[in-house]
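Trainee: Could you take me through the sheet in this model, and what packs on it? Please keep it plain.

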Amino acid sequence: MKTFSVPAVLSIAGSDSSGGAGIQADIKTIAANGLFAETAITALTAQNTTGVRDVLEATPEFVAEQIDAVFEDIPPAAVKIGMVSSAAIIEAIAERLVHWNAENIVVDPVMVATSGARLISDDASTALTGLLLPLARVITPNIPEAEALTGARINSEQAQEAAARDLTARYGCATLVKGGHGIADANDVLAERDGDTGPIRIAWFRHERIDTANTHGTGCTLSSAIACGLARGLTVPDAVDAAKAYLTGALAAGLDLGHGSGPVDHMWAHRA
């Protein structure tokens, strides 16, 4: 029998019982992009398209055990990290990823809700910026998160680009500041340093906003798709470009589920 292998991508994130975001969105995205999905679950959530009812966190020890089990057997070619609300869990994740020399780490720094409410504590925020962001190859903050990370107001493309430059200079990783929270468009800006000490390069990814209220899990989906591109050996700009095209198709497909902000169609490219 003929056999084959594909790159694996590890998602470290919380579970979404409604299937639209978190681990479930990541698995669907990775599978839709033709790669093998692995997971380390940081929390269980009881949620649907209208909101989160309850959260049950995993212990830091159990998160570490999941990461070790994955790397010991099927080492991932890329790692995506989603929402992690505990400083202790962040410390465990960072320690194990350093131990395993993990590559192509994409961090979606989920810190601020669309309403503006902070989603993680101050100590978790300190652990995130001090331990996880410096390990990343790419981070993908939206505008409220980039404002929280830089302390600067982002109300123009110039400010959006300045924030991306600031975060890349500060943490040494490429930074994609997403423009989905803008008013009229969905333009994202990528800042990436040319080598270890070279100048910071800027690339804009311009897309028209898709007219849909069903956007649950878009941040999870985009960051996972970027990790897929990196796992396949794409450059950061090419991985972002491919991920943006995938997410645009998932939004434009018109899937309509639930009574709130429904999920995107992760399998849009595989439908007749």
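Mentor: Start inside the sheet. Strand 4 (residues 78-81) and strand 5 (residues 105-107) run parallel, joined by three bridges. Strands here are DSSP runs (E, at least two residues), and helices are runs of H or I, at least four residues, both numbered from the N terminus. Two strands count as paired if DSSP finds at least two bridges between them. Within this pair, Val79 stands opposite Ile105 in strand 5.

A word on the source. This is a predicted model, where local features need pLDDT of at least 70, side-chain atom pairs count only at pLDDT 80 or more, and totals for chains, interfaces and linings use all residues. Residues are numbered from 1 along each chain as its sequence is written, and side-chain values use heavy atoms, with hydrogens and water left out.

Now widen the view. Nine strands make an open sheet with mixed pairing, in the order 3-2-1-4-5-6-7-8-9. Strand 3 (51-57) and strand 9 are at the edges with a single partner strand each, so one side of each has no neighbour in the sheet.

Helix 7 (residues 218-231) touches strand 1 (8-14), strand 4, strand 5, strand 6 (138-139), strand 7 (174-177) and strand 8. Contact means heavy atoms within 4.5 Å. The direction of helix 7 makes about 165° with that of strand 4. Axes are lines fitted to C-alpha atoms, for helices over the stretch in contact, and angles run from 0 to 180 degrees between N-to-C directions. Helix 8 (residues 236-252) packs on the sheet too, touching strand 6, strand 7, strand 8 and strand 9.

Finish at strand 9 (residues 200-205). Six bridges join strand 9 to strand 8 (residues 188-193), and the two run antiparallel. Arg193 stands opposite Ile200. The two strands form a hairpin with six residues between them, and Gly195 in the turn has a positive phi of about 75°.
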